[in-house]
Amino acid sequence: MATEKVPSFRQQLTAMREAAITDFQTHPRPQWLLKTLCRSVDSVLAGMWKSVGIPSRHTLVAVGGYGRGELFPHSDVDVLVLLADSPDEALNAKLEAFIQELWSLGLTIGHSVRTVAECIEEAANDITIQTSLLEARFVTGSRKLFHQMKERYDAAMDPQAFFIAKTLETRQRHLKFGDTPYSLEPNCKEGPGGLRDLHVILWTAKAAKLGFSWQELAEKGLLTASEAQQLRKKERAFKDIRIRLHIQAKRAEDRLLFDLQMPVAETFGFRKKGQLLDARTASECMMQRYYRAAHSVCQLNMILLQNLQFRLFPKPQVTVRLNDRFNEVNGLLDIASDTVFTRHPSAIFEAFHLLSQRADLKEMTVRTQRAMWHARMNIDRHFRSNRTNHAFFLKILQSERFAVRTLAYMNRMGILGRYLPNFGRIVGQMQYDLFHQFTVDQHTLKVLENLHHFSRARYAHEDPLCSHLMTGFSRQWVLYVAALFHDIAKGRGGDHSLLGMRDAHRFCIQHGMTAEDTELVVFLVREHLTLSTYAQKRDLSDPEVINTFAGIVGDDRRLTALFLLTVADIR
């Protein structure tokens, strides 16, 4: 290729990309921008391929995200040079020139050069390569060779093995990001509930020939029409955020870092009563919307993957009747009929009560989760004032083994925030300080988990004093109530300890708790910050500090409870 053509290709690409991004900033259309950037690169690469003079029997293939037909402003461009046969010296020289000039375009290039046989062999040994080829797309060259590769790839695909590999890969990725979508600086691409989770569903479905769009999955019965609509909406929202992140950061940045949250939020132009919100408020608004979208994706992802698993690994159903409303199906809790939650609203809490009592029930069936996901919208003031529901909720809290796990499950299903509306307000609530890693609701669940650990012998070595104090503490579940309310008023303005105390008092009275337990919960929520300042300045593993606190709490139940809540709060 003549060297004078390199600047023209780069200038052509730069002009097209800048024009598209400028248009997006004026008229935000995420999918249009992704497709336009992709077409721009297609056009330039096809021109370069032709200029280099690579023989027409070979093919240039887009793979990965580029193969999907979407390019974010600073995404990598992954290409496969598909060869009809082993290259000779002349072809090698042309390929080297082509790849060298790819980098001259100013793009971040990921490239591979393989024959069809090599593609199939590499895909069999590497799930990443197998996944990237799943989205292979023809750019230029021989269409016949491209289709030959796709036919051999499809013939070699093992949907079951692919599902297992992607499920394991997803678990490992989620653990890397704290196994929660509620990190204060979430990764909108790789984090739980982000774009990658959506990709995994579509990859797995495509590998099993069950469709490659939300509409196709709905047509195959893996999704309802409303669920497909929700996923399309969440996917568009994540793409929009990721585009704005790239533009603001001027690099391939997928993390919503603190220093980027405010400028990205400002580009959305959030308003309240006709007035633009200040940067901080706009940021909190954007992040809460992000967390709620990620939460929905996590929930729908769980339903979809379980549905896909049943399609790929069918097995006989063993059903055991539990009562008129529920059955056990292969170790999962299943509703006896699709109308259970409509006819018996209290069955929503009964389901969680059963899960909290029985170790043999791992979770709910897809049918039960889906029915509950839709039934959650029926949790209203009548449901909240029902004494049967009050009794079920207290029984869940009082479950020795699974109370905390069940509360987390209730939050994931969107039930906890519907039952306790003020808790619903802190779902996805940001915390801009040095002492918290997660949103308010997730921090609250972490405090509950810490309290639970204090009560379990297997964790006694981590906090010997707390374990000792918790073991001798009667009615440990009362501490769970205090933990549930200790930060419930954050973000409302005013002293969240006092506001939360009032919420806690109403809850205790409404749920018929004793005067003694009510007084303790109110005290703990009101005073939960009293020891924090001192505790945050001292090492609670220091024997001197432990002795000091041990001397303070002594046999006083209120101070013992306050100490336990404080340690659980700052851990």
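1. A residue counts as buried when its relative accessible area is under 20%. Asn-307 has 13% relative accessibility, so Asn-307 is buried. This residue belongs to helix 13. Leaving out residues up to four places away in sequence, Asn-307 touches Leu-222, Val-366 and Arg-370.

2. The model is predicted. Average pLDDT for the protein is 89, and 92% of the residues score at least 70.

3. The largest nonpolar core holds 155 residues. Phe-352, Phe-393 and Leu-451 touch the most other members. Helix 13 (residues 279-312) gives the largest share of this core, with 13 residues. A second core is separate and has 22 residues, among them Leu-80, Val-116, Leu-145 and Met-157. In soluble globular proteins, nonpolar side chains tend to be buried together.

4. What does Phe-352 touch, not counting residues up to four places away in sequence? Its contacts are Met-364, Met-372, Ile-396, Thr-406, Tyr-409, Met-410, Met-413 and Ile-415.

5. How are helix 19 and helix 22 oriented to each other? The axes of helix 19 (residues 403-412) and helix 22 (residues 440-454) cross at roughly 165° and come within 9 Å. Angles over 145 degrees count as roughly antiparallel, so helix 19 and helix 22 are roughly antiparallel to each other. The crossing of helix 19 past helix 22 is left-handed.

6. Which residues make the contact between helix 19 and helix 22? Helix 19 supplies Val-404, Leu-407, Ala-408 and Asn-411. Helix 22 supplies Asp-441, Gln-442, Leu-445, Leu-448, Glu-449 and His-452.

Note on methods. Residues numbered from 1 in each chain as written. Predicted model: local features only at pLDDT ≥ 70, side-chain atom pairs only at ≥ 80, totals over all residues. Heavy atoms only, no water. Core = buried A, V, L, I, M, F, W, Y, C linked by side-chain atoms within 4.5 Å. Buried < 20%, exposed > 50% of the residue type's maximum accessible area, 1.4 Å probe, protein only. Helix = DSSP H or I, 4+ residues; strand = E, 2+ residues; numbered from the N terminus. Contact = heavy atoms within 4.5 Å. pLDDT = per-residue confidence, 0-100. Axes fitted to C-alpha atoms, helices over the stretch in contact; angles between N-to-C directions. Parallel < 35°, antiparallel > 145°, perpendicular 65-115°, else oblique. Left-handed = near helix turned anticlockwise from the far one by under 90°.
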